[in-house]
Structure formats: structure tokens, C-alpha cells
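Let's take a friendly walk through a protein model, one part at a time. Keep the picture open beside you as you read.

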Number of protein chains: 2
Amino acid sequence: MNQLDPSRPLSQTDRTRHHRLREQGSFNRADLDAILAAGFVCHFGVTVDGNLLVMPTVYGSDGNTLYFHGSVASRSLVASPTATVCVTVTHIDGLVLARSVFEHGVNYRSAMIFGTPRPVTDPDEKWAGLRCLTEQATPGQWDYARQPSRKELAATSLLALSLDEASVKIRTGAPDDGDTPDAELGLWAGVLPLHTHWGDLQADPALTGDIKAPLHLAERQGVTLN
Amino acid sequence: MNQLDPSRPLSQTDRTRHHRLREQGSFNRADLDAILAAGFVCHFGVTVDGNLLVMPTVYGSDGNTLYFHGSVASRSLVASPTATVCVTVTHIDGLVLARSVFEHGVNYRSAMIFGTPRPVTDPDEKWAGLRCLTEQATPGQWDYARQPSRKELAATSLLALSLDEASVKIRTGAPDDGDTPDAELGLWAGVLPLHTHWGDLQADPALTGDIKAPLHLAERQGVTLN
């Protein structure tokens, strides 16, 4: 995995140097994998007809490849088969509340993946890719729900993006100004964590009879993601 | 507010037509305002030296303008003072679990804002913009924490982006296949909601003495955002 920094280096101020302690780029592949595994929605950036678009969309990760479908795939294919995209997955873990406004920040885990997506045309890979997408958001659902018909499979655009070029940034922990003169101000400082959790299943009002939710959905209720 | 669709029209399949029932673009300014008010992190897309970047960053919204700072502002300024950006704010509200894999989806609220950000150089607007950014994430914190010094203010790049050109998409409700032949399969279908809530405050270990968290932070603990 490469750490990509395509912009010119940012000027180093006291602030950026300080932040490096707790806000870091990671070259660890395990960090990338963990960020991708912890989510199912990304922000997919692509330029279409000269217009930059950043679209939220679901993804599936199979270890070395991300899969995308739907309008994101369609638009990216419209853009050009050689268009470079940037896909970003972000988890927000909390607010970093420092003594000074200037040192305020956010605890987060974020991965950016760069590359040129490949249209998936092979029916077997398309099947596997859609399975991967479905299972990323809802493990167990691919085998429970009705799987795609041949017609549905043909109607689905699927894109594959290699994980070869990726950048990870993570910030954890307390504010950075606990050892500065601001610490003498007598102000409270710390972190307000942000958590995400699954709620209670809401049955489709169109359901008839006594159809119970399957275990793989029922056991997810109330589970906290971070 | 304009609904921008810079790509060619997508082909209309049974699926996209069906989804229109519950997944819709909105031309309602109140929807845009509500989506922006409900969050504090966006994904900021900009092309820098030919490389498309999608970066998570905090924002502040004052009603007609979004404000950004930090490395996003620096990189965008490096890109060019005339670079067009796309800023997307997304809230994920739940998984839409249909009878068929093909009809699975996500309930979400998303706003895309397009435009050319303007560097903020006027000290008064910079002050107001930073206040807006701080208060977006943590109401009450601007008056509690130490406000920026003149040096800090000078070291901060701030960008302003007009809300004039924006696109909103929202999906709510149950799956779309309750009135299709798949409804006869006897499968459970519905929504698994995703909620976000603030956790318990974590005091900076560097805090000395008996400094209590201020009310505007303490009363936020346990509060659910969606």
C-alpha cells in the first residue's frame, strides 16, 4: 500500500506538527482492512463531463478489491473507462474538545482509495461482487433473500477498484493542548465520543401473515458499531 | 436551489422507476438546511494537480454559506482559486431489506453542494466563519474555549462556499418490493435503522484539579442524533 499525497506539501506550522502525535497517516494494511470492514457506505468521487461529483454509495470489500454498483457505477462508466476515482470511507469517533478553539478536532478513521475502476463483465465475478456488496452491509442476507435473476444481473452495472493505492489517516485520543500554557486556563478538555448502533427492526407494513425476522437480522438489533 | 445532474440521463429500468417512489430528489430548501444542520462532517471533493481527492472535513453552515478550514482549505487553495468543488453531506438512516437482493438499499439523506470556494480574507468574516465551524460541531464551545489569537487567525486558511447550487436526495421507508410477486416468497422484509448517539464525556488525562465539564457538553451525553 502506498501513501499518496498528490498535493504539494502543506506548510508545517506548530499546529500540524503537534497534531502528528495523535493524527497520523498509517502504512499498515491492517488499518485499511479494518476501516473498510467497519463500514458499508463510501463517498465516491469521479469527474463526469467535467463536473466533479462526490456521491455516497454502498461498497463491498473482498480483501483486494472494492465493488460498486448502481448509479455510481453507471456515472463512472459514462465518465470514461479510464477515469481515475477517489473513494473515501470515514468513521467519525468523537469530538476533540481542547482548551483552545484552534486545537479542536475530530477523532476519526478514514481511508482514501485511488485508481481506475474496472467494469465487471464476467458473470461469475459479477455474481461474487454483488454477493460481496450485499454481505458487506448485511451478513447473512445473500443466502436469505431472493438472489438476482439473469435479467437483474444483466441490468446491473458493477465496478471493481483495486486496493493497491490507498491512504489511511486515523486520529485517536485526547486533545493536543494538555501540555501547553492553555492547560492553565482551568477549562475542561477531553473527548465527546460518537457512537453508531443498529436500532429495532421495522417490519414492512406490506408483510402479510406471521413472518418472523431471520436470526442474522434479529441479533443485530441494538449492536453498537463503534 | 438548483437540482444539478451534470451526467447524461441514466437509463430507466424497472428498478430505478420503482425506487423513485421512496428515493427522491428534493427541491425543498428546508430539506437542504435540515441535512446540513444535522451534521458537522462532509466529504470535500477537489482536483489538485490533476488528482481527484475526496477528503472528510468539518464544516460550518451559516444559512447561505458553508465554511471549511484546515488541510482541505489549503489543498483547495493550492488547486487553484477557480477550482470547482463538490461537497457532500450524508446521513445514513438504515438498511432497506427487501425480499430480493436486487431491491436492497439504504435509507439516507444526502446533500451535494457545487461551486467554487472563495478564500476568506476579511478578518471579521474569518472570525465569524471559524465561530460558525466550531458551533456547528459543538454549540456553546466557542464562548467556552479560548478563542483564536491574532496569530492563530492568520495561520488559518478559511474557505466559503455558496449554497446556491445544491442537490438533495432522500430515501425513507420500507422496501419497494412489497407489491411484487416476490412478496409471495414468505420472506421477512423491512428496515434495520441505524442510529448515532453521543457517548459519555472522556476527560483529558492531562486535566488537573477538579474541573467539571460545562453544561453544554454534559447535557449532550447520550443524546441521539437520528
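In chain B, B:His216 is found in helix 7, which covers residues 215-218. Keep in mind that you are looking at a predicted model.

Is B:His216 buried or exposed? With a relative accessible area of 17%, B:His216 is buried, because the cut-off for that word is under 20%. Its side chain is joined to that of B:Gln141 by a polar contact of 2.6 Å. If we leave aside neighbours within four places in sequence, B:His216 is in contact with B:Pro139, B:Gly140, B:Gln141 and B:Tyr144.

## One side of helix 2

Now move to helix 2 of chain B, residues 29-37. Which of its residues are buried? They are B:Leu32, B:Ile35 and B:Leu36.

What do they pack against? The partners, in chain B as well, are helix 4 (123-137) and a set of strands: strand 4 (60-61), strand 5 (65-69), strand 6 (85-97), strand 7 (105-115) and strand 10 (166-171). At the start of helix 2 of chain B, a side-chain oxygen of B:Asn28 comes to within 2.8 Å of the backbone nitrogen of B:Ala30.

## Cysteines without a bond

A disulfide is a covalent bond between the sulfur atoms of two cysteines. How many disulfides does the structure hold? Over all chains, the number is zero.

Take A:Cys42, which is in no disulfide: the nearest cysteine sulfur belongs to A:Cys86 and is 9.9 Å away. A:Cys42 counts as buried, at 0% relative accessibility. A:Cys132 is buried too, with a relative accessible area of 14%. Its closest cysteine sulfur is in A:Cys42, and the distance of 12 Å is too far for a bond.

## Two chains, one axis

How does chain A relate to chain B?

## How confident is the prediction?

For chain A, the mean pLDDT is 89, and 91% of the residues reach 70 or more. Over residues 1-20 of chain A, pLDDT stays under 50. For that stretch, the model has 46 contacts beyond four places in sequence.

Notes
Residues numbered from 1 in each chain as written. Chains lettered and ligands numbered in written order. Predicted model: local features only at pLDDT ≥ 70, side-chain atom pairs only at ≥ 80, totals over all residues. Heavy atoms only, no water. Buried < 20%, exposed > 50% of the residue type's maximum accessible area, 1.4 Å probe, protein only. Helix = DSSP H or I, 4+ residues; strand = E, 2+ residues; numbered from the N terminus. Contact = heavy atoms within 4.5 Å. Polar contact = N/O pair within 3.5 Å; in protein donor to acceptor, adjacent residues only side chain to side chain. pLDDT = per-residue confidence, 0-100. Disulfide = S-S within 2.5 Å.
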